[in-house]
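Please open the model in a viewer and follow the selections below in order.

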Amino acid sequence: MRLPFSYNLRNLWVRRGTTLMTALGIGLTVAVLLSILALVGGLRNAFASTGVAGNVLVMRQSAESELSSNFTREQFQDLKLRPGIQRDATGQALASLELVSTVLLDSVDYEAGINISIRGLKPNPGFALRPEIKIAAGRWFSAGKREVTVGKNVARRNPEAQLGKDLRFGKGAWRVVGVFDAGESAANSEIWADLDQVCSDDNRCDTLSSALVRVEPVSNVGPFIQSLKDDQRLKVGAMTEQFYYEQQSSSAAPIQFLGIFIALVMAVGSSFAAMNTMYAAVARRSREIGTLRVLGFSRFSVLLSFFLESLVLALLGGIVGCLLVLPLDGFTTGIGSLITFSEVAFRFKITPEIMLMGIGFALFMGALGGLLPAAAAARKQILDALRDI
Amino acid sequence: MSEVVIEARKLSKTFKRDEFEVRALDNCDIEIKRGEFVALMGPSGSGKSTLMHLIAAMDRATSGRIAVLGEDLSQFDDAELARWRNRHIGFIFQQFNLIPVLTALENVELPLKLTSLNGKERIAQAETALRLVGLGDRMTHFPRQLSGGQEQRVAIARAIATDPDILIADEPTGNLDAQSASDVMVMLQKLNQDFGKTIIMVTHDRHAAEYATVIRHLEKGELKPEVEYPKKPV
């Protein structure tokens with residue numbers, strides 16, 4: 001039979017100053033880990049939420065991003081005629097020729113400004129291929145005009161990109177006529193404008209970036225992509241739109257690695273803090289340990305009791321860590337993508353799974369820090385323990 | 001003839017202190033019968049505490065044999081000794097040794113957690129023990145809220161809660177004022193005479209020893225022959 005749990009809880013309460021400081025130390029470590037996980041999770045979520053099933057992105061052969069891809073109008077004409085591409089009511093292929101470039105805008109975070117992706121596309125069928133994207137304010141840009149509709153994160157993070165204001169890039173001013181909402185998608189970090197306006201501004205009207213096509217049924221996507229790759233005349237590469245964005249979440253890998261490394265280094269420190277606290281507790285309660293042994297509690301009961309106390313201390317730290325990072329939930333920030341060379345804004349996501357991981361991490365630290373002191377308590381000889389003051 | 005509950009033959013205990021060997025108990029022979037109240041007396045370092053620790057299975061003899069309640073304790077491992085102590089021995093310490101974060105009732109209930117009693121039975125038994133020592137109105141008090149005498153009475157309640165065969169008291173009056181010491185000794189005497197508990201008490205205090213039925217002296221690790229002393233009337 002183990003010692004009553006109230007014994008451990010009350011001991012933690014009695015030395016509440018030390019308990020709080022140790023829990024805070026563990027909590028800070030958990031908070032670092034959780035904020036990294038929330039950042040990476042948010043970024044992954046932004047990329048994972050981008051793309052529609054059945055959409056296939058076609059780029060230059062071996063191009064890794066739209067930014068580094070060249071796709072000619074001739075290639076697009078050939079592509080449009082391929083079987084397997086869905087057609088609208090008028091018989092027009094759901095295939096959108098697009099140009100992706102970057103522009104430098106003022107930023108709320110960086111004095112030097114930040115790169116933002118600008119996508120030139122034709123409203124029809126460009127919008128039809130992305131039905132999940134809705135207008136949040138204003139309207140879509142009009143064909144043939146120097147107008148832009150900006151993603152909601154662009155509007156949130158760039159003081160210039162406000163409805164009714166002008167953005168200055170390329171050969172002049174562009175009027176912001178609307179803000180679109182793409183849910184959690186990375187498209188929220190883009191500026192959209194009429195393809196012809198963008199390409200003439202960029203002097204790039206013959207060679208654009210990519211084409212987005214809708215393949216139906218969705219089960220034909222694989223063979224369609226393979227057929228494009230096999231076509232030696234077209235010389236294009238293709239992948240599903242969803243896969244294209246998912247692989248961009250690799251932008252988070254360096255941050256994830258660094259964050260987890262820092263959290264692990266801190267975890268070692270926090271484990272030592274927990275160990276120190278528990279060693280002090282064992283030393284102070286030496287006579288209690290002796291008494292418990294005299295009363296009939298086994299060495300294992302004593303070990304378990306002190307080990308549990310360390311876990312409770314760590315759990316407290318885990319909860320503190322979760323509470324510390326909770327205000328980050330939904331906070332929008334941006335990260336420079338190494339693939340698009342522009343900012344992708346996303347929201348920190350503190351999910352129950354992430355918090356559980358944080359609690360698990362805290363318990364791991366508690367277990368690491370508590371095992372040796374608990375073993376030391378259990379190893380004490382009764383008479384030695386009773387004599388200690 | 002009363003049953004012998006403790007029987008030691010040629011019991012010795014040697015401690016090593018750095019390069020020195022200290023013989024704390026030297027070829028000690030003792031028999032204690034059920035229902036006896038034995039006071040072990042002697043100067044510091046005479047071996048009385050060592051003998052008490054060996055009887056309570058808190059330490060192991062270097063040589064010799066000790067049987068308590070017919071069991072050869074040298075054959076038991078640590079876990080078996082712990083269970084055995086819980087079942088058969090009640091211990092009263094000089095410094096009370098109550099768990100400071102537990103109430104009087106929880107302290108008394110503690111050894112009962114190792115028995116097969118359920119929660120309700122444990123509480124009932126702990127309450128009975130506390131009432132027996134006159135602390136029915138202090139059950140929810142923490143040790144720091146009690147006087148020294150009251151703390152020692154809680155410790156006595158804890159020692160008797162499991163209804164052990166033997167009570168072992170280590171200087172039970174050593175930290176008490178005269179009145180509290182007298183109260184505690186009257187209580188131990190009552191437990192011995194009314195409830196038939198075998199009590200072994202280590203003490204320096206002549207007055208406390210007068211409550212015992214047998215007084216044994218130790219000197220330099222040797223147990224002296226039994227002598228008759230005037231007994232405190234009940």
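Predicted model: local features only at pLDDT ≥ 70, side-chain atom pairs only at ≥ 80, totals over all residues.

Next, consider the interior. Of the 234 residues in chain B, 47% are buried. Among contacts in chain B between residues at least 6 apart in sequence, 69% join residues at least 24 apart.

Now select residues 48–55 of chain B, which form helix 1. Eight of the eight residues of this helix are buried, so helix 1 of chain B is largely enclosed by the rest of the structure. The buried residues here are B:Lys48, B:Ser49, B:Thr50, B:Leu51, B:Met52, B:His53, B:Leu54 and B:Ile55. After helix 1 of chain B, move to B:Ala57, where phi is positive, near 60°.

Finally, display both chains and turn to where they meet: 18 residues of chain A are in contact with 18 residues of chain B. On the chain A side, select helix 1 (5–14), helix 10 (286–295) and helix 13 (382–387), each of which supplies at least two residues of the side that touches chain B. Which helix of chain A provides the largest share of that side? Helix 10 of chain A does, with six residues. Coloured by residue class, the side of chain A that touches chain B shows nine nonpolar, four polar and five charged residues.

How values were computed: Residues numbered from 1 in each chain as written. Chains lettered and ligands numbered in written order. Contact = placed C-beta atoms within 7 Å. Helix = DSSP H or I, 4+ residues; strand = E, 2+ residues; numbered from the N terminus. Nonpolar A, V, L, I, M, F, W, Y, C, P; charged D, E, K, R; others polar. Buried ≥ 20, exposed ≤ 12 C-beta atoms within 10 Å, placed from the backbone.
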